[in-house]
Amino acid sequence: MSDLDQLTRSLARNLKRWRTERAFTLDALAARAGVSRGMIIQIEQARTNPSVGITVKLADALGVSITTLLDYEQGSHVRLVPPEQAVRMWSTDAGSSTTLLVGTDARGPFELWSWRLMPGEGSDSDAHPPGTVELLHVSAGELTLLVDGIEHPVPAGSAATFAADVPHGYHNKGAEPVTMTMSVSVPPARAASY
């Protein structure tokens, strides 16, 4: 079985498990995530590989980390993730990429990411649930952090934190690659009626 097949099946199994555990109907999850009911059905039946954006929306709506939705080996108190098991979530032909290094669901999802942005490239994100916080550290280059329409330059060696419940983005407007590590903490999902 290929890595992609394994990822597709893990996502299908985990999405259905967490939706059932949260007692969300297909319609309720679709409304919470802003993802069509048909797409959720296709994902749960392992008939499609959703985009990173859709996966993030589903994880946020369920109050779990992306790692939890994609992971096929859960259990131990100590979880080591070798580099070959880190999940590449986004990449471009020019060499930009994001990699989910590790995540946990202790007191809500908490994730650690490795980013590389090539000159002239960037990635934007929709607002996450209220209470979501992101922390980042730039190790090379200068990141242009966009939070709710305002640009913040973050040079190498600097760190930043912000409430991620507003639209935000990460851009490289410089001439050298940007590398950074980022963590995301999302509050646990609360049941709501739809």
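The protein has five helices and ten strands; helices (H or I, at least four residues) and strands (E, at least two) are DSSP runs, numbered from the N terminus. The model is a predicted one, in which local features need pLDDT of at least 70 and side-chain atom pairs count only at pLDDT 80 or more, while totals for chains, interfaces and linings use all residues. Residues are numbered from 1 along each chain as its sequence is written, and side-chain values use heavy atoms, with hydrogens and water left out.

Of the 194 residues, 41% count as buried. Buried here means under 20% relative accessible area, exposed means over 50%, and partly exposed lies in between, with a 1.4 Å probe and protein chains only. Contact means heavy atoms within 4.5 Å. Among contacts between residues at least 6 apart in sequence, 63% join residues at least 24 apart.

I turn now to the core. Which residues touch the most other members of the largest nonpolar core? They are L58, L69, L136, L143, L145 and Y170, in a core of 42 residues. Domain 1 (3-70) and domain 2 (83-185) both contribute residues to this core, so it lies between them. The domain bounds come from an automatic or database domain assignment. A nonpolar core is a set of buried Ala, Val, Leu, Ile, Met, Phe, Trp, Tyr and Cys residues joined through side-chain atoms within 4.5 Å. Leaving aside neighbours within four places in sequence, L58 is in contact with L15, L29, A33, V35, I40, I43 and L69.

L58 is one of the buried residues of helix 4, together with T55, V56, A59, D60, A61 and L62. Against what do the buried residues of helix 4 pack? Their partners are helix 1, helix 2, helix 3 and helix 5 (66-70). Just after helix 4 comes G63, with a positive phi of about 75°.

G34 follows helix 2 and has a positive phi, near 70°.

The next topic is the largest pocket. About 810 Å³ of space lies in it. For the method, a 1 Å grid is laid over the protein atoms alone: a cavity is a set of points where a 1.4 Å probe fits but cannot get out, a pocket is an open set with protein on both sides within 12 Å along at least five of seven lines, and lining residues have an atom within 4 Å of a point. Grid points are joined across faces, edges and corners, and a volume is the space filled by probe spheres set on the points.

The lining of the largest pocket consists of 37 residues, and V56, K57, D60, S125 and H128 lie nearest the centre. Which element gives the largest share of this lining? Helix 4 does, with seven residues. Helix 2, helix 4, strand 1 (87-91), strand 3 (110-117), strand 4 (122-125), strand 9 and strand 10 (178-185) each supply at least two residues.

Strand 9 (residues 168-171) contains H171. The side chains of H171 and D124 are joined by a polar contact of 2.8 Å. A polar contact is a pair of N or O atoms within 3.5 Å; within protein, one must be able to donate a hydrogen and the other to accept it, and residues adjacent in sequence count only if both atoms are side-chain atoms. Not counting residues up to four places away in sequence, H171 touches L117, E121, G122, S123, D124, E142, L143, T144 and L146.

Strand 3 holds R116, which is partly exposed at 35% relative accessibility. Beyond four places in sequence, R116 touches G95, S96, S97, P177, V178 and T179.

P155, in strand 7, is partly exposed, with a relative accessible area of 35%. The C-alpha atoms of P155 and E142 are separated by 4.1 Å, although the two are 13 residues apart along the chain. E142 is also one of the contacts of P155, with V138 and G141, when neighbours within four places are left aside.

Finally, some backbone angles. Where is A46, a residue other than glycine with a positive phi near 55°? A46 sits in the loop between helix 3 and helix 4, and counts as partly exposed at 32% relative accessibility. D148 is not a glycine either, yet has a positive phi of about 50°; D148 is found in the loop between strand 6 (142-147) and strand 7 (150-155).
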